[in-house]
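Me: I'm new to this structure and would like a close look at just one part of it. Could you pick a helix and walk me through how it sits among its surroundings?

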Amino acid sequence: MGLVFFDGWSITHFLWGYAAAKTQLFTPITFLLAHTIFEIWENTPEGIQWFQDYGFPRYKGDTLNNTLGDTFFAMLGFFSGR
């Protein structure tokens, strides 16, 4: 399971990237920065607890490979939305 690059959340990351591009509030660099900050927070104890509290009790954080996949799909969505 540690090698997961594409999962059920990949589409969500793509759609967030697409939506962010449509707002025209982000450049590719600022969106990449914002998404990276989110990915870091998501894997902190506070982020993990947040996901557990809001419907994903088995969430334990992402692997590096999954984080890279999430970022890839978010950026793919962003560029698709431009």
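Reply: Happy to! Let's take helix H3, whose buried residues are Gly47, Ile48 and Phe51. Around the helix axis these three span an arc of only 100°, so they lie on the same side of H3. Turn to the other side of H3 and you find Pro45, Glu46 and Asp53, which are exposed. Please keep in mind that this is a predicted model.

What lies over the buried side? Helix H2 is part of what covers the buried residues of H3. H2 runs over residues 28–42, while H3 takes up 45–53. If you follow the chain on past H3, you come to Gly55, which has a positive phi near 110°.

At least two residues of the lining come from each of H1, H2, H3 and H4. H2, the helix that helps to cover the buried residues of H3, gives the largest share of the lining, with five residues. Sorted by class, the lining is made up of 14 nonpolar, seven polar and six charged residues.

Terms used: Residues are numbered from 1 along each chain as its sequence is written. This is a predicted model: local features need pLDDT of at least 70, side-chain atom pairs count only at pLDDT 80 or more; totals for chains, interfaces and linings use all residues. Side-chain values use heavy atoms; hydrogens and water are left out. Helices (H or I, at least four residues) and strands (E, at least two) are DSSP runs, numbered from the N terminus. Ala, Val, Leu, Ile, Met, Phe, Trp, Tyr, Cys and Pro count as nonpolar, Asp, Glu, Lys and Arg as charged, and the others, Gly among them, as polar. Buried means under 20% relative accessible area, exposed over 50%, partly exposed in between (1.4 Å probe, protein chains only). The arc is that of the directions from the helix axis to the C-beta atoms. Contact means heavy atoms within 4.5 Å.
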